[in-house]
Amino acid sequence: MTSKQTHTPRDCDEFQRKLPDLFDSDQDLLDHAHLQTCRNCSALVRDLEYIAAQAKLLLPIHDPSPAVWDNIQNALAKQPKGGDRNS
Amino acid sequence: MTKNTLRTAEKMPSPTPSQPLTAEPRPVQQQQRRNPPIAGELAAIASAQQGDGASFEILYNMHKRRVYSLCLRMLGNVAEAEDLTQEAFLQLHRKIATFRGDSAFSTWLHRMAVNVVLMHLRKKGLPLVSLEETLEPSQEDGPRKDFGTRDLTLSGSIDRVTLERAVEELPPGYRMVFVLHDVEGYEHNEIAGMLQCSIGNSKSQLHKARMRLRNLLREDTIGKGDA
């Protein structure tokens, strides 16, 4: 991207203030007019999109200790039969 | 809740608060992307609904990791996460007969687990969305025009372990919205319903969470580069 300095710091402020809504819109943010000339905001958007994409790949990697199932079994053994079956 | 006394409160980050889930369900396609069907699950559900304990145990083993990871990411505390995993499955046992299959079972169960965590945090009197984080965003979370002399971008540079660790470092309110939206795939309107905040607030908290993560990850990347 060519980095012609056609934007002002105020443009960056304004763009970044709108970012939470822009991220939630369907438009491709990298097509935004401000990003055509602003290297810093482009880098910011790329990073935030990257973080969001990586977060979707986070797998459940932790297992509860065996004590959790033991406690569930103990609690169920003390419960009256039936539960919320009619709810 | 039966207290799990076997574990000490290994501290990850600190917790945040919550409430009931009333938002609209997500599209089936999105639910299936996040919660694909598991082989044998339908049969286990049907049997568990008839009160079969062995089938309930199968369901526990199918879903324990995901439910526990969700609790742990939301709470940042091992002992509390285990207690609430336990509570979520006890609630599942009480309510499984009411499951009608309108959504994926895992979606239904995870929603129940989120609700258990949020109710727990409410009972503790913690604000769902931290006032400090809402009213006084720190400078580092605000707009920035200058990223310093080292103009790195993160793309391709972070692994999942690093990201997981950075998420643990987020303030509780930021972490809650980030986990619900970016990791678990809930929409802002759903999160707003869960946390009793506005959709705008949910978007704002998510943005601040990502900004904070970016700073943490950049520090990590720069640190590795300097090492």
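Of the 227 residues of chain B, 43% count as buried, a residue being buried if 20 or more other C-beta atoms, placed from the backbone, lie within 10 Å of its own, exposed if 12 or fewer, and partly exposed in between. The model is predicted, so local features need pLDDT of at least 70 and side-chain atom pairs count only at pLDDT 80 or more, whereas totals for chains, interfaces and linings use all residues. Residues are numbered from 1 along each chain as its sequence is written, and chains are lettered from A and ligands numbered from 1 in the order in which they are written.

Chain B contains ten helices and zero strands, where helices (H or I, at least four residues) and strands (E, at least two) are DSSP runs numbered from the N terminus. Along the sequence the pattern is α-α-α-α-α-α-α-α-α-α. Among contacts in chain B with a separation of 6 or more, 81% join residues 24 or more positions apart; two residues are in contact if their C-beta atoms, placed from the backbone, lie within 7 Å.

Helix 8 of chain B, residues 172–183, is mostly covered, with twelve of its twelve residues buried. The buried residues include Tyr174(B), Phe178(B) and Leu180(B), as well as the charged-type side chains Arg175(B) and Asp182(B). Gly185(B), with a positive phi near 85°, follows helix 8 of chain B.

For chain A, the mean pLDDT (the predictor's confidence in each residue, from 0 to 100) is 84, and 86% of the residues score at least 70. Confidence in chain A is lowest in helix 1, at a mean of 90, and highest in helix 3, at 96.

The 16 residues of helix 1 of chain A should span 22 Å at 1.5 Å a residue, and the end C-alpha atoms are 24 Å apart, which agrees; the expected span is 1.5 Å times one less than the number of residues. A kink of about 50° lies at Lys18(A), shortly before the proline Pro20(A), the bend at a residue being the angle between axes fitted to the seven residues ending there and the seven starting there. Phe15(A), Gln16(A) and Leu19(A) are the buried residues of this helix.

Between the chains, 41 residues of chain A are in contact with 42 residues of chain B. Helix 1 (9–24), helix 2 (39–56) and helix 3 (66–78) of chain A each supply at least two residues of the side that touches chain B. Helix 2 of chain A gives the most, with eleven residues. By class, this side of chain A has 22 nonpolar, nine polar and ten charged residues; Ala, Val, Leu, Ile, Met, Phe, Trp, Tyr, Cys and Pro count as nonpolar, Asp, Glu, Lys and Arg as charged, and the others, Gly among them, as polar.
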